[in-house]
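Dear colleague,

I am passing on the structure we spoke about, with the sequence and model shown just below. My notes on what was found in it follow after that, and I would be glad if you could read them alongside the model.

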There are 2 protein chains.
Amino acid sequence: MLNWTPIVSLIESSRRILLTTHENPDGDGLGTAYAMADFLRQRNIDHRIMIPSQVPVEYSFLNQDGRIETYRPEHQSWIEKADLCIIFDVGDFFRLRELGDFVRSRRIATLNIDHHPHPENHPFSHNMVDTTAAATGEMVYDLLRTAGVDRLSREMAVGIYTAIMTDTGSFRYNNTTARSHLTAIACMEAGVNTSKIYQSVYENNSRERIALLGLILSSLRYEQNGEVAWFSIDGDMLRRAHARPEDVDGFTDFVRSVRGVEVAVMFFERPDGTCRINFRSKGRYVINEVAKQLGGGGHAFAAGAVLQDNLAEAIPKVKGLLARSMKAQAETAP
Amino acid sequence: MLNWTPIVSLIESSRRILLTTHENPDGDGLGTAYAMADFLRQRNIDHRIMIPSQVPVEYSFLNQDGRIETYRPEHQSWIEKADLCIIFDVGDFFRLRELGDFVRSRRIATLNIDHHPHPENHPFSHNMVDTTAAATGEMVYDLLRTAGVDRLSREMAVGIYTAIMTDTGSFRYNNTTARSHLTAIACMEAGVNTSKIYQSVYENNSRERIALLGLILSSLRYEQNGEVAWFSIDGDMLRRAHARPEDVDGFTDFVRSVRGVEVAVMFFERPDGTCRINFRSKGRYVINEVAKQLGGGGHAFAAGAVLQDNLAEAIPKVKGLLARSMKAQAETAP
């Protein structure tokens with residue numbers, strides 16, 4: 001475990017703290033900020049949560065009282081009197097957008113708490129990184145315990161449970177450890193209604209998104225003896241489903257669930273004519289090498305790229321590269 | 001915790017044990033039988049796993065060596081020399097079908113290990129029931145610990161993890177407790193690849209099932225300000241998707257995930273002209289009362305019925321009853 005003692009001192013000696021997370025926030029960033037806010041409330045430390053984005057509807061249960069604000073220039077007079085800005089789960093400082101620029105311009109001390117790797121020369125005043133944590137939520141739990149919190153408040157527990165549940169995919173991704181389960185137990189002992197949180201996050205699909213998924217599943221294509229499943233989405237399909245571009249996220253995870261499929265691929269032709277490609281692998285084939293060849297990147301089993309091609313051009317190109325890569329991997333497999 | 005000591009003695013003093021679970025088996029029944037088989041192997045006790053059904057394809061990872069056999073009359077000569085039949089997760093003895101009849105006819109001692117409630121006058125020689133357990137897997141873990149197993153073998157852990165993961169819906173149903181998470185940790189410490197088990201069970205949809213889901217999602221209907229979503233499946237839809245009647249399970253869970261939907265309803269017109277109705281609620285409305293009025297039953301938030309009607313007759317009847325029930329519940333809600 002990291003040494004949280006100096007960090008607790010830093011926090012407890014602050015009079016005003018800004019809490020934030022990356023743009024397009026997820027359950028880990030929002031949940032940890034929400035948990036920390038309750039700790040600061042208990043310690044009577046002035047604080048606000050401001051983020052560079054809107055709160056996604058599936059996390060609105062963390063924001064029923066409007067405590068998570070979207071950063072606007074009017075907030076600057078409050079922010080510039082802060083002594084500390086705690087940034088959760090950011091991955092890259094750049095993802096704070098104008099909010100980050102403003103914090104930097106006023107030379108406000110920054111504390112990064114994150115489980116993503118950060119380069120040696122990072123821009124933070126204080127940098128707490130634990131890449132063994134499945135979620136930033138596990139780190140904030142350690143912090144709170146070091147600060148003398150024996151039993152989590154309900155709000156701390158809701159935030160930390162949300163963080164861990166979402167970043168482990170409900171304890172099923174291979175980042176899940178005993179520590180993830182133990183932290184979840186501590187949250188449950190504080191009385192969290194875990195199935196309600198699950199429903200809020202995962203059973204909150206828009207009708208339009210579900211209609212679009214229907215069109216996709218009705219037009220799935222299989223290649224390479226069924227090891228590859230792919231689909232494409234264009235503006236016409238979006239219109240038929242009354243869906244928006246953000247509704248397309250997560251479909252490759254779903255398509256990967258077909259028996260025999262090892263790699264799922266999405267081709268999404270965006271309104272500007274570029275094509276977003278998304279790859280998900282069950283684990284037999286690494287797919288970020290193909291994403292790199294296309295100018296993109298990602299993790300071994302979840303990667304993507306953006307091509308300056310339309311669908312008709314992108315599909316054969318990507319299918320060819322993927323087939324070659326999978327063939328090479330199959331030949332060198334143990 | 002139940003007192004497992006006499007049960008351990010019973011098992012260890014047996015020379016031949018038959019392990020079994022209910023027809024249409026799930027991960028809890030199969031996983032616990034699989035875990036127990038490895039314990040019996042370690043203790044050099046003759047044993048076989050025989051079940052009244054085929055092993056579903058999503059659990060074939062528990063049966064790569066064919067250790068889970070489907071009961072056939074040829075097995076009777078082996079079974080009649082058994083001193084004990086351990087039945088996992090059965091709910092109702094009747095669900096052992098002909099296998100249960102044969103065990104009973106030969107007066108073989110039976111040990112029931114289950115987390116479902118059983119009536120006082122049950123047919124078992126020994127009856128171990130713990131309705132506080134989320135899964136029978138949690139009970140078998142206790143049994144193994146009482147038997148002196150300090151560290152689970154890999155096979156025990158695979159079986160118990162499968163049992164708990166499936167019966168808690170990956171730790172998200174509200175039956176999940178600290179005990180579920182702690183037992184999962186014990187399995188992980190034995191080296192279980194949890195994400196591989198998850199994929200085997202949940203990412204094993206047939207192409208036909210996915211095609212059918214596509215047709216359903218493209219034809220979802222909403223009622224009562226979007227609180228009800230329903231769909232119907234008939235023989236024509238099955239044919240278009242090349243799907244079989246067993247492919248329809250689980251769709252209501254998925255449809256319930258639409259934002260704003262409180263109750264999902266499936267109408268499935270079967271080849272014999274009867275109509276299977278399936279209800280799933282997010283928790284605001286109890287739906288087994290409606291199922292009972294239709295001659296069916298189930299849990300508060302997951303229930304069903306079979307009607308002697310075709311789709312055209314069943315749909316308005318069920319929609320009417322459901323609307324009245326939801327209205328009455330909304331009026332009396334606190």
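**Helix 2 of chain B**

Helix 2 of chain B, residues 27–42, has 16 residues and spans 23 Å from its first C-alpha to its last, close to the 22 Å expected at 1.5 Å a residue, where the expected span is 1.5 Å times one less than the number of residues. Helices here are DSSP runs of H or I with at least four residues, strands are runs of E with at least two, and both are numbered from the N terminus.

Before going further, please note that this is a predicted model, in which local features need pLDDT of at least 70 and side-chain atom pairs count only at pLDDT 80 or more, while totals for chains, interfaces and linings use all residues. Residues are numbered from 1 along each chain as its sequence is written, chains are lettered from A and ligands numbered from 1 in the order in which they are written, and side-chain values use heavy atoms, with hydrogens and water left out.

To return to helix 2 of chain B, 14 of its 16 residues are buried, so this helix is largely enclosed by the rest of the structure; buried means under 20% relative accessible area, exposed means over 50%, and partly exposed lies in between (1.4 Å probe, protein chains only). Just after the helix, Asn44(B) takes a positive phi of about 55°.

**The interface of chains A and B**

The contact, meaning heavy atoms within 4.5 Å, takes 42 residues from chain A and 42 residues from chain B. About 3,700 Å² is buried between the two chains, and carbon and sulfur atoms give 56% of that area; buried area is the accessible area (1.4 Å probe) that two parts lose on being put together, summed over both.

The rule finds two salt bridges across this interface, a salt bridge being a side-chain nitrogen of Lys or Arg within 4 Å of a carboxyl oxygen of Asp or Glu. One of the two joins the side chains of Glu203(B) and Arg256(A), at 3.0 Å from N to O. There are also 19 residue pairs in polar contact between the chains, both residues being at pLDDT 80 or more; a polar contact is a pair of N or O atoms within 3.5 Å, where within protein one must be able to donate a hydrogen and the other to accept it, and residues adjacent in sequence count only if both atoms are side-chain atoms.

On the side of chain A that touches chain B, helix 7 (178–189), helix 8 (194–202), helix 9 (207–217) and helix 11 (251–255) of chain A each supply at least two residues. Helix 9 of chain A gives the largest share of that side, seven residues. By class, the side has 20 nonpolar, 15 polar and seven charged residues, with Ala, Val, Leu, Ile, Met, Phe, Trp, Tyr, Cys and Pro counted as nonpolar, Asp, Glu, Lys and Arg as charged, and the others, Gly among them, as polar.

**Two buried residues of chain B**

Asn205(B) is found in the loop between helix 8 (194–202) and helix 9 of chain B, and is buried at a relative accessible area of 15%. Its side chain is joined to that of Arg209(B) by a polar contact of 2.8 Å. Leaving aside neighbours within four places in sequence, Asn205(B) is in contact with Ser257(A), Val258(A) and Arg259(A), and also with Ile210(B).

Ile216(B) is found in helix 9 (residues 207–217) of chain B, and counts as buried at 0% relative accessibility. With neighbours within four places again left aside, Ile216(B) is in contact with Phe231(B), Ile233(B), Met237(B) and Phe251(B). The C-alpha atoms of Ile216(B) and Ile233(B) are separated by 7.6 Å, although the two residues are 17 apart along the chain.

**Salt bridges elsewhere**

Over all chains the structure holds 46 salt bridges. Among them, Glu223(B) and Lys319(B) meet through their side chains at 3.0 Å, N to O. This pair links distant parts of the chain, with Glu223(B) in strand 7 (residues 221–223) of chain B and Lys319(B) in helix 13 (residues 311–332) of chain B, 96 residues apart. Glu223(B) is partly exposed at 22% relative accessibility, and Lys319(B) is partly exposed at 28%. In chain A, salt bridges that share partners join Asp130(A), Glu138(A), Asp142(A) and Arg179(A) into one network.

With kind regards
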